[in-house]
Each structure stands twice: as structure tokens, then as C-alpha cells.
Amino acid sequence: MAAKRKPTTSSGNKPAVGNDAPPRDKAALRDVRRRPPAVLRGGNAVSPGVAVGRAYCIRDIFIGDESRPLDDTAALRELDRYDAARERTAADLKAVYKKVLDQLGEQQASIFLAHEAILHDPAFTAKVRTWIVDSKQAAPAALQRLLGEYTDLFAYTTDEFLKERLADIRDVIIRIAGHLNETERSDEAAADEAALEGEPNILIAGELVPSHVFMLGDRDVVGIVTETGGRTSHAAILARSRGIPAVSGVEGVLQKAMSGDIVVVDGREGVVLINPDYETLTAYRKIQREFVHLRDQLTEHCDEPAISACGQKVQLMANISGVADAKAACPMGAAGVGLYRTEYLFLTHPDVPDEEEQYQNYRDAVEASPNRSITIRTLDVGGDKKIAYIGESREANPFMGWRSIRISFEHPQFFLAQIRAVLRAAAPDGRPKDVRLMFPMVTTVEEMRKIRSFVHKAERQLVERKVPYARVPVGLMLEVPAAAVSIDVLLEEADFVSIGSNDLVQYLMAADRDNPKVSALCEPLSPAVLQVLTHVIATCHAAQKPVTLCGEIAAMPRAFVLLFGMGLRSFSMSPAFVPVVKELLRRLTTERADAILKQVLKMRTTAQIIRYMDEQLQEIAPNLAMLGS
Ligand code: PEP
Ligand code: MG
């Protein structure tokens, strides 16, 4: 989470959000409704649908006036405030540990034990206390200084243990600072009051970070608004995977909204409304009911086959981030798992999961998808997914730098362990399952050959160890333009291809997928992207190599129709969208999709293509408009 500084008030160290105190009783909650309405337009519609609920704001945490030193009395008061915040943090960590242990098990919960150990480390707390007492610094400023110190230290240290602890330390500091400001507590209190009124929450944050994921499970979160992030940021992917309407890139939303406000998230248009008038709210509640009803209706039919109006069968699979997702995918009618993003196993693990832990996890995912195909992708970190103990380095261009397969190559033992774990999970009971092994961000033929040699080596090691395993198809994720250009040569080395359009689009358009300022450029329906997709799919077909697309556009109706027109018959998407795409497919014929694609490939601008596709979709499936475009 960015350690941005908020403007301070004239009251010195008092948090700048002092007048953001949430209402304490129902009368005050009613007052909130009388605050002036605000409409924030221009956000990115990242997860479709409409949601209405009470704001639950997660704010920046290092709030305080650092420039003015405290006097002696204030310093002692500040020390008490810090100690109280530490105590609350300790209680928090105990509670979270227990909750995660109950819900997810020992492995995921152990991270919070590590956090407790950091909190109780005398060196950690002695520094902050010294800066408060001797340097007369406000506690938030002291915490921010501590985080800065650790970050600098770890950036240059070669001590692996210290490096591994950075993310944990950062989490603990953020947690204490949250209590210190009382912001989180008061926001939580408001959200709890809202819950007392039986109303669900709209999560509002600067950015959505992995630890917020737990919160999604804890609270009745029906909508998400963030200040940063684009359509394919991992926060957006998370929202979509849970079918939660979301808007990102809404600058200043945390200044406009207070916890307890009534908020409408319009994930179709990228609009957020705060405390709208009665008529507007009623209209949106109606749309929200229609959205939920339509989604439920489609889900009821999710067992029906994925087949077009003219009888063309299509494979609709699920993108998953863990075993729980794998279990949820089948009931949504997915034909298997087209992308298992294994990095979430690493993101939620206190240190590197060993081969055995990985094996058990992949085996569980395989068993959760009985008689279905499952494609497991090796670790894809870097870019916007940071793991402190691996790939944590400061880079000017993290998406173009040391990420993904490039990191795996530099850690051969670790890479081999992951490959072995997948090969073993492909034959958990000695009988081979339909498992495929996929490698992210492959750029050159040399890399593909190197991957093959790693796979052979992993196989040899398993033979030597006399451990059961299965040979599996080895494929690449097509997400780098260079790989798209030389796809014919890469296919000589690969058994299958999966198009990672989230990255492919950002690299083709040179527009960061997480940066809302360039989201208009990061557009999959641009003529250049469509030309490249057409070329890749046609080349795979000519070489008779299976090709899938597992980027977010697989579930975007405009793009789906065009990809179907390109002859693509295998897609992987957030499970929540499988029923929606099935419904669209039922209304489509190959003839119509071909004709649409032909027209679109003649067009010169993205705007023209979008307009035309919207007209077509209005004719093909007008009822699906609210479920995304
Ligand atoms: C992609 O890039 O399209 C993809 C599916 O991978 P990720 O979103 O995890 O980078
Ligand atoms: Mg990718």
C-alpha cells in the first residue's frame, strides 16, 4: 500500500480525517443521507453490474504532522497512543489468526503467527518508542520512518532472511498505523453500524491489496471502488472472479466518501454515486435487483452445454487462484480449469511452499475438477504481484523487467520443485489425469527450449526418486508481442498455446494495465490487437496446436463474439462469467460471428469497432447488456 501523506489540518497531529468520523447512531446515519450527493464519472468499469451499499473506506495510514516536533507532554501522550495501538494490533492478529485457521487452515494462518512475532520483536518497537521520546516524532511519522528504513535496508541487503521478512513487516506496520489513526476502527464501526441496519458494504480503497481479500470474505461486500488500477489489474480480476461490481481509477473518491455514506457502484458505466437523491437511489436499486435476478437466472442454466445457436461446441473453462476457486468452478458450469494462477499459493504463504506443499495443493485442485482438464501455470510474480521473498526488487518498469518465467529461470531449484509438484499432481493415485503445464511470459524460442530442458530434468529426478508422476503437455502463455510475431516457430516447441490477452494488450499498446491514466489505450478492441489475435489463432490452427484464450476479454461479450469469429473454440475466464458467456453463445452463429469479424477487421479506429459491436450485441443479446460489454 502506498505510504502517501494526506494534507494535515490546522490541529497539528490530529488526523486529517478527524471530521470524517463516522456516524455513531442511526440518527447520524440518517444525517449522512442528507449530505450533498456527488457523482464521480470517468472510472474504469472493471467488473459489471450495479451495487448499492454503505461505504467502508480503507484510507491511507500515515496521517499526522511530521514537520512539527512534539513537546514533552505530547510525546508521552503519543507513546501511550502507540502502545495502545500495538495492543490492539496484537489482539487483532490473534483474532485474524484464529479466523483464518478456522476458515482456510494452518498454512494460510501461519502468516499471522509470523506477524505476531514481528510485533513482539523488541528491536522493532524500541526504535519507534525512541523516535517518539527522543526525537519527539508523532507515532505515525515514526512508523513511516521505520518502514522507510526497512525498505531501504532490504533493497540492498543480501541477507535472504531479512528480505523474506519485508512484506510481513510492512503489513504489521500498516496494521498498527491503522489503529493509531483510529481511521480503520472508526470506518469499521460505521460499517458495522451499517451492517446492523442490514445493509451490505461498498469497499472503497486507494488500491486493493491481497490482505483486503480476507476482508471480502469477512464482510458482506457487494461493490468495490478503487482510486487506482485498470481493467486487468489483479484487483479487478479478483472482483470479477467473485461477481462483484467494481469501478477503478476513481480519483479522489476517498476524499468525497465517508464510511457510512450510501454509495452506488455502476460497474457498467464506470460511475460512482455518493448519497444520491431518493429517486436516483430507487432507480439504481431496481437495476441492482434486475442484475442479481439475471445472474441467478443464468446460473440456474449453467449445466447446459456450451453450444452456439448453430450447434458449434465451445470449451468454456475457469481461471482460478486456489483450490476453493476450483471447487466453485464446476458448479458454475465450467468445463475445466484453463488457468490456475499458482502465485496466490505463494502470496499467502509465510515463506516458500516446498514441493510437498505445492504437490498437495495442485493435487487438491486436480481432484476438485474431476474428469476435467486443468492447466497449471508456473509462478507469475513481478509486475503488480510482489512476493517479498522472491522477485522483490525495485525496478523502474516492473512489468517489463524481472518477472514471471524470468524469475523462475534464476531460481532453478525452486523452479524444478514447482515443475515436479505439478507432474506428481498429474498422477496423484498413479493414474494420469488431464493436467497441462503452462509457462507465463515466454518471449523467445530459446526460453521455450530451456523450459523443455527443465521439464525433462524434473522428470528424470522423479524417476530417480521413484515417485509416481505423469508426463503432461507443455505450453506457453502468449502475452509478449515478440512471441506473437514468431508464434509459428514457438509452436515447434510447444504442445499448446494460451493467449494471455491482459498482458498482450498492455505490451502491444505500451500502456500499463494498472494505470487508469492510459486505460483508454490499453484497449483490446483496437485494430492492432485484433490483427495480432487473428494471426495467432490462425497460425495455431494451421499448425494443429490447441489454442485457448485466458485473459479477461474471454468474458467480455464484444471481444468474445470477435474471438469466436476468429475460430477460437476454447476460452478460460472468471467462473462467475461462464453462465453469461454460455447464454451469449446460445444466441450466436458462426456465420454471424464471421460476418461481424470481417466488418470489424476493415475498421480503422477502436471507437468505430466498439460502436459497431454494441449495435450488434444489442441485436444478438440485449438482455446481457448489464452483465458487461
Ligand atoms: C494474462 O496476462 O492475460 C493472464 C491471464 O495472466 P495474468 O492476468 O495473471 O497476468
Ligand atoms: Mg499475464
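Are Phe-415 and Phe-439 buried or exposed? Select the two side chains in this predicted model: Phe-415 is buried, and Phe-439 is buried as well.

Phe-409 and Phe-415 are both buried. Next, return to Phe-439, whose ring pairs edge-to-face with that of Phe-415 at 5.9 Å centre to centre and 90 degrees between the planes. Colour helix α16 (residues 412-425) and strand β12 (residues 435-439): Phe-415 lies in the helix and Phe-439 in the strand, so the pair ties together parts that are 24 residues apart in sequence.

Two arginines may be selected next. Arg-424 lies over the face of Tyr-359, 4.1 Å from the ring centre. The charged end of Arg-436 is placed over the ring of Phe-496, at 3.8 Å from its centre.

Now centre the view on ligand 1. Of the 16 residues around it, those that come nearest are Arg-341, Arg-377, Gly-500, Asn-502 and Arg-513. By class, this shell comprises 4 nonpolar, 5 polar and 7 charged residues. Display the contacts to oxygen atoms of the ligand: a polar side-chain atom of Glu-479 lies at 2.9 Å, one of Asp-503 at 3.0 Å, and a backbone N or O atom of Gly-500 at 3.4 Å. The protein covers 100% of the 290 Å² of accessible area that ligand 1 has on its own. Finally, colour α9 (234-241), β10 (336-341) and α20 (501-509), the elements that each give two or more residues to the shell; the largest share, 3 residues, comes from α20.

Methods:
Residues numbered from 1 in each chain as written. Chains lettered and ligands numbered in written order. Predicted model: local features only at pLDDT ≥ 70, side-chain atom pairs only at ≥ 80, totals over all residues. Heavy atoms only, no water. Near = heavy atom within 4 Å. Polar contact = N/O pair within 3.5 Å; in protein donor to acceptor, adjacent residues only side chain to side chain. Areas by Shrake-Rupley, 256 points an atom, 1.4 Å probe, with all protein chains shown as cover. Helix = DSSP H or I, 4+ residues; strand = E, 2+ residues; numbered from the N terminus. Nonpolar A, V, L, I, M, F, W, Y, C, P; charged D, E, K, R; others polar. Buried < 20%, exposed > 50% of the residue type's maximum accessible area, 1.4 Å probe, protein only. Phe/Tyr/Trp six-rings, centres within 6.5 Å; stacked < 30°, edge-to-face > 60°. Lys NZ or Arg CZ within 6 Å of the ring centre and 35° of its normal.
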